[in-house]
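Please open the structure below in your viewer and keep a selection tool at hand. The tour goes from stop to stop, saying at each one what to select and what is there.

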Amino acid sequence: MAEIKVPELGESITEGTLHKWHVKQGEAVKQGDVLAELETDKVNLEISAEEDGVLEQILRPDGENVQVGEVIGVIRAGGSASAPVEAAAAVAPQPTEASAPSAAVPAAVPTPVVPAADNSDTYATPHARKLAREQGIDLREVQTRDPLGRIKQEDVQAQARLNSVPASAVAAPRPAAVPQAASSASEAAAQAGKPVEVRKMSRRRQTIAKRLVEAQQSAAMLTTFNEVDMTAIMDVRKRRKDKFKEKHDVNLGFMSFFTKAVIGALKAYPLLNAEIAGDELLVKKYYDIGIAVSAKEGLVVPVVRDADRLGFADIEKQIIDLAGKARANTLAISDLQGGTFTITNGGVFGSLLSTPILNAPQVGILGMHKIQLRPVAIDQERMENRPMMYIALSYDHRIVDGAEAVSFLVKVKELLEDPESLLLEG
């Protein structure tokens, strides 16, 4: 017998969600076959078979939260495949049960333990589910202060203490958990005869929601704006794009210009390339630029490493490669870690102006927007229609003063409007 365990998921990631089993219980597998897909806060990972055999037992079904090192299934070496069995019927523990890792897992399917209540729609950690089962507590009655509504072990312990107190001694209930509030809203709409579709948030979407709220709560975030005349860049691209494509086998896009301009401005105003660590500032002397990419499961920010050492073609190639991985859901955790500054382009979706939210612990993010023809005063007598773009810099006012932020954005504008200077500054 070989145990199928949740692999190490990377720095600071201790659990994930079992997104989907690709093999049914009783089916034969070969070494290297993808058994299941695991969804983490950042990327999806594949769990592969380490030897030939038969998937003897599935211990954790789709949608369950699992810990690093936890046993989720068993492979029997050799043997022949049996008739495929639906995972939902073959799994011993129901979706509400948490199976603790064990040194040896019996081949036979154990008798399932009937839970005190159906908690399948409740988001809780495995330890919390186990404790609730032991205490006979309905997880739907447990209150939590977690911003995502996830029930933890201490929440179940608090509910157990509350259950032991006479009803007359309870002064007032705690605020309802987020999932309960959402459930009540959907129930009310259903009772009113309104159509409602209830969707469970993916782990990545939950993480995005949590971190965006944390960024706004933990930083003194402000945004300053400017506009860029894109005439010079568009002229360079028009004159050089064919030779550039022929030589480098990649298109000359706008993002390489903006990446170089940001690097030049970061060198002039280094506090935008720093982060806060307690009562100290970490001013980084390297330039790993995060590029926000919209993927199916939500926004991700893969990082172009040492972008100051790369030419325009190398930057364009890396961005295309990382964006392709993001949309194919094949990014590695190492592709997302770190990053000293972020660029996000809402203009590709038609955004004319926005206030981007910081990608903590970074203290600066540049927002690009739609290029639009607007009348511009050339001098006191002449007006011309020029391709203009609004740009936005959100920054952490705790370490970046307004004058420095405004000067940074002006530097970006100046470099973009004089593309030749990017060869020297960027």
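In which strand does Phe225 lie? Select residues 221–229, and you have strand E9, which holds Phe225; helices (H or I, at least four residues) and strands (E, at least two) are DSSP runs, numbered from the N terminus. Before going further, note that this is a predicted model, in which local features need pLDDT of at least 70 and side-chain atom pairs count only at pLDDT 80 or more, while totals for chains, interfaces and linings use all residues. Residues are numbered from 1 along each chain as its sequence is written, and side-chain values use heavy atoms, with hydrogens and water left out.

Phe225 itself is partly exposed, at a relative accessible area of 38%, where buried means under 20%, exposed over 50% and partly exposed in between (1.4 Å probe, protein chains only).

**The largest core**

Next select Ile289 and Phe341, which touch the most other members among the 52 residues of the largest nonpolar core. A nonpolar core is a set of buried Ala, Val, Leu, Ile, Met, Phe, Trp, Tyr and Cys residues joined through side-chain atoms within 4.5 Å. Elements that give two or more residues to this core include helix H6 (231–248), helix H7 (255–268), strand E16 (341–345) and helix H10 (402–417), and H7 gives the most, with 8 residues. Around Ile289, leaving aside neighbours within four places in sequence, the contacts (heavy atoms within 4.5 Å) include Val262, Leu266, Val304 and Phe341. Apart from this core lies another, of 17 residues, among them Ala2, Val6, Ala36 and Ile72.

**Aromatic pairs**

The structure holds 2 aromatic pairs; rings of Phe, Tyr and Trp (its six-membered ring) pair if their centres lie within 6.5 Å, and planes under 30 degrees apart count as stacked, over 60 as edge-to-face and the rest as tilted. Select Phe257 and Phe312, an edge-to-face pair at 5.1 Å centre to centre with 70° between the planes. Because Phe257 lies in helix H7 and Phe312 in helix H8, this pair ties together parts that are 55 residues apart in sequence. Phe257 is buried at 3% relative accessible area, and Phe312 counts as buried at 16%. Move on to Phe341 and Phe408, whose ring centres are 5.6 Å apart with planes at 40°, so the pair is tilted. Both Phe341 and Phe408 are buried.

**Backbone stops**

Most residues other than glycine have a negative phi, and most peptide bonds are trans. In the loop between E16 and E17, select Pro361, which a cis peptide bond with omega of about 5° joins to Ala360. Asp249, in the loop between H6 and H7, has a positive phi near 60° and counts as exposed at 62% relative accessibility. Finish at Asp306, where phi is near 45°, again a positive value, and which counts as partly exposed at 31%.
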